[in-house]
Amino acid sequence: MRIRVVVPITSLSEADLEDRRRRLSKEALPTTEIEFVSVKKGPITIESFYEDELAAIDLLENVKKAEEDGVDAVIIWCSCLLYTSPSPRDLSTSRMPSSA
């Protein structure tokens, strides 16, 4: 199986991407190939719906390219405040949809 992980923010270094690849690889089967790509155009972080929209264009282009490349699955991996809580101060509730 071939999985491409798309990171929709531009602030992660190559070391950060490698750390995420290493952590995800621990959970995958040995035969699973995991690739990481980061968007080239987009916000540094996603902390608002506006930044979410800024990330969408390059993110969707990366997903389309993954399909063209024959990738079996795409994971969108972002540690973004927009999807973790309504406010950085309020960690008791989440905006992440239950289907995500």
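How many helices and strands does the chain have? The chain has three helices and three strands, where helices (H or I, at least four residues) and strands (E, at least two) are DSSP runs numbered from the N terminus. Along the sequence, these elements follow the pattern β-α-β-α-β-α. The model is predicted, so local features need pLDDT of at least 70 and side-chain atom pairs count only at pLDDT 80 or more, while totals for chains, interfaces and linings use all residues. Residues are numbered from 1 along each chain as its sequence is written, and side-chain values use heavy atoms, with hydrogens and water left out.

- Three strands form an open sheet in the order 2-1-3, with parallel pairing; two strands pair if DSSP finds at least two bridges between them.
- Strand 2 and strand 3 (73-76) stand at the edges with a single partner strand each, so one side of each has no neighbour in the sheet.
- From one strand to the next, the twist averages 25°; axes are lines fitted to C-alpha atoms, for helices over the stretch in contact, and angles run from 0 to 180 degrees between N-to-C directions.
- Four bridges join strand 1 and strand 3 in the parallel sense, and Ile-3 stands opposite Ala-73 in strand 3.

**Helices**

- Helix 1 lies across strand 1, strand 2 and strand 3 and runs at about 150° to strand 2.
- Helix 2 (residues 49-68) also lies across strand 1, strand 2 and strand 3, and runs at about 170° to strand 1.
- From its first C-alpha to its last, helix 2 reaches 28 Å over 20 residues, close to the 28 Å expected at 1.5 Å a residue; the expected span is 1.5 Å times one less than the number of residues.
- At Ala-56, helix 2 bends by about 40°, the bend being the angle between axes fitted to the seven residues ending there and the seven starting there.

**Burial and core**

- Of the 100 residues in the chain, 30% are buried, meaning under 20% relative accessible area, with exposed over 50% and partly exposed in between (1.4 Å probe, protein chains only).
- The largest nonpolar core has 11 residues, among them Ile-3, Val-5, Leu-24, Phe-36 and Ala-55; such a core is a set of buried Ala, Val, Leu, Ile, Met, Phe, Trp, Tyr and Cys residues joined through side-chain atoms within 4.5 Å.
- Strand 1 (2-7), helix 1 (14-27) and strand 2 (33-38) are the elements that give two or more residues to this core, and strand 1 provides the largest share, three residues.
- In helix 2, the buried residues are Asp-52, Ala-55, Asp-58, Leu-59, Asn-62 and Ala-66.

- Among contacts (heavy atoms within 4.5 Å) between residues at least 6 apart in sequence, 68% join residues at least 24 apart.
- Asn-62, found in helix 2, counts as buried because its relative accessibility is 16%.
- Apart from its neighbours within four places in sequence, Asn-62 is in contact with Arg-4, Val-6, Val-37 and Val-39.
- Thr-32 is placed in the loop between helix 1 and strand 2, and counts as buried because its relative accessibility is 17%.
- Apart from its neighbours within four places in sequence, Thr-32 is in contact with Met-1 and Ile-3.
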